[in-house]
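Some notes on one helix pair and the sheet beside it follow. Please read them against the coordinates.

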Amino acid sequence: MTVSMRALSLPRGYSTFVSLDATIMSESPASKRRRCSSNNFAQSLASLLSGPSVHYPHAVNTQSPQLKSTHQPEVLKSAQASHHASSGGTLTQNESPAGAFSNSTVVITGGSRGIGFSIAQAFRQLGSRVILVGRNTATLETARQKLIDITVPESTVPIHVPVIAGWSAGLDASGVAVMEGDVSNVGQVERICKQIMQQYGPVENLVNCAGISKDSILLTMDPIEAQEVIATNLFGTINMSRGIAKGMLRRRKGCIINVSSVLGIKGMEGTSVYSASKAGVIGFTRSLARELGPRGIRVSAIAPGFIETDMTSSLTEAQRAQYLAQTPMGRFGGPEEVAHAAIFLAQAKYMTGQTLILDGGFSI
Ligand SMILES: NC(=O)c1ccc[n+]([C@@H]2O[C@H](COP(=O)([O-])OP(=O)(O)OC[C@H]3O[C@@H](n4cnc5c(N)ncnc54)[C@H](OP(=O)(O)O)[C@@H]3O)[C@@H](O)[C@H]2O)c1
């Protein structure tokens, strides 16, 4: 096995961003025997792997004009600049951050707002096609327009040509699509995943970011709301992973990133149900990483602390002060900082089953 690593300096104190590429060049007979011996698991997956082949629309390069950037995340502009500088300006386009995800597709649940939208911006900036999943059409459309405005190098934006009669607009030259649906609803998730496979082709990365919080002390919490929290945060993650992993399994390639929370690790009064949902996501991540690792699919989690989004906008000043007092870095995080972690995990090819904590030190 040969492993190549490159370090990429990031701005604003995010010192080192390591991209790890591990390539198996040769395999010993003993290693091959070990790999082939996991037959029980292999048999249980046999039907999935030998299922009917999926016909994807062709991908071709587009001659579309380069789009004007009005929403290019500052942090990514800086990352490109510093990466270029640190490499002595000798990188080819394919090695550059801008092309890191060219010719790949990411599905991001909860991508219409907050952390999910920042993750979508980051993947888009690096050349990925992006499919957003959310419940609200208007919010999704707003997000789609902003993503289309991001400059992506022309050569990294292949389009999918419709090959199915009656095929909808889909991933056109813009490279961005949105799908309305509730991740907690099994039927809707099955429809979404089927549609993605049939219309938009293979998915390389899935980010499960859709989530809700309904904070209350347990004894006064509405039991219906408690079920909604678990259904969205935990079952939403499970449902989407099941749906998208099927396609990844057939190609023996993919990466799933689950957005958990530091509250899935550290307890806090008034958040027991939310914490349970997020701790569940971490357990799910670990075990799924073991199931899918032998099939070339990595599964990781991010556990953010308090991040400035709609979700935390309703906190009172007193609550903010209380949380900040427990946070050594003395501030809430920005959604783009969580996006850094998502990009790192998508690129860290020898990392799986881990949970990356980004909380300004809240949990230490
Ligand atoms: N903000 C924080 O401090 C913080 C900290 C740790 C972890 N997190 C986690 O990070 C993730 C994103 O949080 P955020 O702060 O960005 O929240 P946010 O701004 O409220 O955004 C939540 C996103 O999830 C979508 N969503 C919610 N329920 C959904 C459902 N049932 N089906 C499909 N989409 C759904 C929302 O879209 P629609 O409402 O339009 O459907 C929206 O796009 C969540 O999982 C959250 O638990 C947040």
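1. In α4, G114, I115, S118, I119, Q121 and A122 meet P335, E336, V338, A339, A342 and I343 of α11 (contact: C-beta atoms, placed from the backbone, within 7 Å; helices are DSSP runs of H or I with at least four residues, strands runs of E with at least two, both numbered from the N terminus). The residues of this contact divide into eight nonpolar, three polar and one charged (nonpolar: Ala, Val, Leu, Ile, Met, Phe, Trp, Tyr, Cys and Pro; charged: Asp, Glu, Lys and Arg; polar: the others, Gly among them).

2. The model is predicted: local features need pLDDT of at least 70, side-chain atom pairs count only at pLDDT 80 or more, and totals for chains, interfaces and linings use all residues. Residues are numbered from 1 along each chain as its sequence is written.

3. Helix α4 (residues 114-125) packs against helix α11 (residues 335-347) at about 55°, the axes being 8 Å apart (axes are lines fitted to C-alpha atoms, for helices over the stretch in contact; angles run from 0 to 180 degrees between N-to-C directions). That makes α4 oblique to α11 (under 35 degrees is roughly parallel, over 145 roughly antiparallel, 65 to 115 roughly perpendicular, the rest oblique).

4. Seven strands form an open sheet with parallel pairing, in the order β7-β5-β4-β8-β9-β10-β11 (pairing: at least two DSSP bridges). β7 (176-180) and β11 (355-358) are the edge strands, each pairing on one side only.

5. Strand β10 (residues 297-304) runs parallel to β11 and is joined to it by four bridges. A303 stands opposite I357 in β11.

6. α11 also lies across β8 (205-208), β9 (254-259), β10 and β11, at about 160° to β10.

How values were computed: Contact = placed C-beta atoms within 7 Å.
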